[in-house]
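Hello,

Here is the structure I promised to pass on. My notes on one helix and its surroundings follow below it.

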Amino acid sequence: MTPRLEQALDKLYTALYTGKLNPECCTACAVGTICDTVDAWKHFTDTHGSLQLNYVGKVNEGFGRRLYGYLPSELLEIEAVFLKACGYELPLTRKSKRPQHPTSQETLYNGMRAVVAFLCELDGVEDVMEIEQKLLRTNLSSVTRITI
């Protein structure tokens, strides 16, 4: 696992389980959480949930600038994955479709789950949540075999 992936996962899991993950807050959403509740990333686009880099985003991308290990375009992709998985229509505007309960555990878990899969894909590693599920299934099946 890469250092940026490990750090991002730790921050996301902590935010989810402490109730600090919020898709409608630029410092508490997936990317805001990865960026230590700093909102500098939001200046890379003009619309929340958009994949389109604005001038500031393009300049930073052109110079290869990374925030917490991620390029501006990667941060926008991470946020879009999170919002879509939470049930938002993108880009996020006043008229966009939104989940009925944006901060419910189920909504946030779905968003985080999608982000974890995407972060693993970005770094070319197997999805850590899939690995966990495989281990759980393996352990459960061996327990079942023992008790029969």
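In α5 of this predicted model, the buried residues are Thr107, Leu108, Gly111, Met112, Arg113, Val115, Val116, Phe118, Leu119 and Cys120. The helix covers residues 105-122. After α5 comes Gly124, with a positive phi near 70°.

Next, the core. The largest nonpolar core holds 33 residues. Leu12, Trp41, Leu75, Ile78, Phe82 and Leu119 have the most contacts inside it. Two or more residues each come from α1 (3-17), α2 (30-34), α4 (72-86) and α5. The largest share is that of α5, with 7 residues.

Leu12 is worth a look on screen. Beyond its neighbours within four places in sequence, Leu12 contacts Leu21, Ala30, Thr33, Ile34, Met112, Val115 and Leu119.

Then the helix pair. How do α4 and α5 cross? Their axes come within 7 Å, at an angle of roughly 145°. The crossing is right-handed. From α4, the residues in contact are Glu74, Glu77, Ile78, Val81, Phe82, Ala85 and Cys86. They meet Thr107, Leu108, Asn110, Gly111, Met112, Ala114, Val115, Phe118, Leu119 and Leu122 of α5. By class, this contact has 12 nonpolar, 3 polar and 2 charged residues.

Best wishes

Methods. Residues numbered from 1 in each chain as written. Predicted model: local features only at pLDDT ≥ 70, side-chain atom pairs only at ≥ 80, totals over all residues. Heavy atoms only, no water. Helix = DSSP H or I, 4+ residues; strand = E, 2+ residues; numbered from the N terminus. Expected span 1.5 Å × (residues − 1). Buried < 20%, exposed > 50% of the residue type's maximum accessible area, 1.4 Å probe, protein only. Core = buried A, V, L, I, M, F, W, Y, C linked by side-chain atoms within 4.5 Å. Contact = heavy atoms within 4.5 Å. Axes fitted to C-alpha atoms, helices over the stretch in contact; angles between N-to-C directions. Left-handed = near helix turned anticlockwise from the far one by under 90°. Nonpolar A, V, L, I, M, F, W, Y, C, P; charged D, E, K, R; others polar.
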